Structure formats: C-alpha cells, structure tokens
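Here is a short briefing to read alongside the structure.

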Amino acid sequence: MKKYDYLIVGAGLFGATFARLATDAGRRCLVIDRRAHTGGNLYCESVKGINVHKYGAHIFHTSDRQVWEFVNSIVPFNRYTNSPVASAPDGRLYNLPFNMNTFYQMWGVRTPAEALARLEEQRADARRQMEQDGVTEPRNLEEQALALIGRDIYEKLIKCYTEKQWGRPCTELPAFIIRRLPVRLTFDNNYFNDLYQGIPEGGYNRLTDGLLAGSDVRTGVDFSTMRHSWKEIADKLVYTGPIDEYFGFRLGRLDWRTVRFETEVLHTPNYQGNAVVNYTDGVTPWTRIIEHKHFESFGQDVYANPNTVISREFSTEYAPGMEPYYPVNDDRNNALAEAYRSLAAAESDVIFGGRLAEYRYYDMAPVIAQVFDLWKSRSL
C-alpha cells in the first residue's frame, strides 16, 4: 500500500499551495525540495533581526479577493506598497512607475495636459520613424517603448536597465515584454494597480510554514534519486521543477536568465529610504539595490533597528547549477518549451505546475489561483 496520495517535488509556492489544499481535503502529501529550506524563491533569512528576501524582492499583489483572503487566513499581511525609485544616468532620482511625479521630474510639467502633450509629441516621432522604416507595429522592445513613452524616458529610465536585465540590446528583445508598461497621468507612485498588496507579517517563511503544515516535508532531497521509483511512494506526482530537466533534456536545454546577489549588513538604520531603487544607467553593474527592512518597517519604526541589510542585484546568463529565474521567450525557447509541454501532457498521474515546470513567468497570486483552478477542474 502506498503511503502518500501525492509526492510533491518542490516546496515553493505552487507545491506548498497544492499541499495545503490536498491536506485540507484529507490527502496525504510528501513534499521534497533539493534546497536545504522550504519556500523556494520566497525564502527569507533573518539577518540582524531583518527578514532578508534571499532570492530577491517579492511583493504580493492581487485583485483576487479569494486569493487575498486565503493567504491572510494563514498569516496576516502588512500594508507595504511598492513604490520603487530610479537612479538615472543624469544622477537624478525619478519615481516609478511612470506617472505625474516622473513627468514633473523629467520635464517640469505640472498638469496632465502638459505631460500628455510631451508624451504625444515623442510618440509621434516614434510613429514617424516606424513609417519611414515601412512598419506599422513595433518589431522589438525599443520600438515598443518609444511608441508608448517616448525617447526621453526610454533613454534615461528603460534602455540601459533593460539591457542589463536581459543581457541583450533592446532592439533584440521582443516587444511584448514592455507592452503593458504602466503610464499614469496622476501623481501615484503605487507600482501595482491591484486592490491588495503587502508582505506577510514576520516574513514569507510564515506563509510557507502555514501552507505546508500537515504535510511530510524533506529538504535536501533531489527528485533524481527517486525519479524511477516515485510510484512506489505516492499515487500521483506534482512536479514543479524545470520541465526540460524532468525529461532529461532530451529535446535540448531551455535558456533562462538568472540573478545573483551581493548582500551586505550596514551599520546604519536607513541606507536609501526605500525598499527598491533601480539603477537605470549603463555603468553601474547592478540593476537595483534592495533594502530589506523597508518591506516590514515603516515611518519611525525604521530607526528602531540600528542596522540595515542591502542586496545588490546582478542579472546574468544562466548556467547549470544556478537557480533559473526568468524564461527567455525568443522563438527558439518558445518552440522548445511547447514541445516539452506536449511531452508533459502525455505523462499519466503527473501534474506539472509553476514557472519552472511550465516555462512561464508568474507573479505569486496567479500561481495560487492556478492551484485553486486545478483543484476544482480535476479529480485530484
């Protein structure tokens, strides 16, 4: 008799959420993860009393009330609002996303009408250039950005940052990456449009621990050690690792971008005054600096801890042995990913889910909603 209903490979958000729903339904789950900790990229490490987002900043945001109430039933979320700042090539600071504060800082305009006039003038220049080139739709990220926001903001706040992030010229990146670029004619620095956003009080480990409560969990375990014997352990497999790895890279390796971090403790209570500062010049090697205490400390409370922790974030090409972060959605990788998805669809008693197993980038809330929908739509 098998001991478990599900063997869940990966203790990140998809796997942990699936484990929560399965456990609530009376199913038995074994969750394994090759890392020494649970939570995947949500994992936080306590340093000097500060929850450090070890794998980069994670801000939970959603307009899905069911998802918001679900995560808050496990751990209360605080009122953190994501309002990043850009350090530009001209040495000045600009508010993000692009809104009336940004336009005032860029051009000195004070009214939405003045800002719109400047935007339309530069958008028209971009359209004329495309017409001269004989095209009607943007062919790459640069043309898309120029058509949306104009040359001034593109060159100061988008171009170099994006090229550092992806390791490729903007003219070689697909237009869709920036197609939903937020542009607001209001004085609103809130990066997201969602109804709800915040950080779990006490850090993301509390969310992960709550999701995994009731499941058997083993860390430091690689699925490869049980790849051919998992059916002796469980009735069904939930796989959240890289999809090409599951199939032994038989069709070839998918490409990823990854991120490395230089984390430093500073003996000052407040280093940059904001959780996220992007560096949009082409000289600074990092893309942004995260000051972790600002995710959970606000106002004068920032000064209660005399130390702070910062992480400089460097975007790099992925190599085997590194943590994969972002899919590279060019023609080759899209076709290869689709071929792997076809193989996955033919696997019996295996559920593939999450960004690695689907080769798709997901925010956190849609991952949880995906598990909800999966649980409703299938006989699990």
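Predicted model: local features only at pLDDT ≥ 70, side-chain atom pairs only at ≥ 80, totals over all residues.

Proline 97 sits in the loop that links β7 (93-95) to α3 (100-107).

**Backbone points to look at**

- Phenylalanine 249 belongs to the loop between α8 (243-246) and β11 (256-266), and with 25% relative accessibility it counts as partly exposed.
- Aspartate 349 also takes a positive phi of about 60° without being a glycine.
- You will find aspartate 349 in the loop between α9 (331-345) and β16; its relative accessible area is 38%, so it is partly exposed.

- Which way do the side chains of β13 (residues 288-291) point? Arg288 and Ile290 point one way, while Ile289 and Glu291 point the other way, and all are buried.
- β13 runs antiparallel to strand β12 (residues 276-279), and three bridges join them.
- Within that pairing, isoleucine 289 of β13 is the bridge partner of valine 277.
- β13 also runs antiparallel to strand β14 (residues 308-317), here with four bridges.
- In this second pairing, glutamate 291 stands opposite isoleucine 310 of β14.

**Aromatic rings**

- How many aromatic pairs does a search of the whole structure find? The search gives 26.
- In one of them, the rings of tyrosine 6 and tryptophan 375 have centres 6.3 Å apart and planes at 55°, so the pair is tilted.
- Tyrosine 6 lies in strand β1 (residues 4-9) and tryptophan 375 in helix α11 (residues 364-377), so their pair ties together parts that are 369 residues apart in sequence.
- Tyrosine 6 is buried, its relative accessible area being 1%.
- For tyrosine 279 and tryptophan 286, the ring centres are 6.0 Å apart and the planes are at 80°, so this pair is edge-to-face.
- Tyrosine 279 has a relative accessible area of 16%, which means that it is buried, as the cut-off is under 20%.
- One aromatic cluster is made up of Phe223, Tyr239, Tyr246, Phe247, Tyr340 and Phe352.

**Arginines over rings**

- Arginine 312 lies over the face of tryptophan 286, at 5.3 Å from the ring centre.
- Phenylalanine 314 has arginine 260 over its face, at 4.0 Å from the ring centre.

**Helix α11**

- The buried residues in α11 are Met364, Ala365, Val367, Ile368, Ala369, Gln370, Val371, Phe372 and Leu374.
- Among the elements covering these buried residues are the helices α1 (13-24), α2 (65-74), α7 (204-212) and α10 (355-358).
- The strands β5 (60-62) and β16 (350-352) are also included in that cover.

Key: Residues numbered from 1 in each chain as written. Heavy atoms only, no water. Buried < 20%, exposed > 50% of the residue type's maximum accessible area, 1.4 Å probe, protein only. Helix = DSSP H or I, 4+ residues; strand = E, 2+ residues; numbered from the N terminus. Pairing = 2+ DSSP bridges. Phe/Tyr/Trp six-rings, centres within 6.5 Å; stacked < 30°, edge-to-face > 60°. Lys NZ or Arg CZ within 6 Å of the ring centre and 35° of its normal. Contact = heavy atoms within 4.5 Å.
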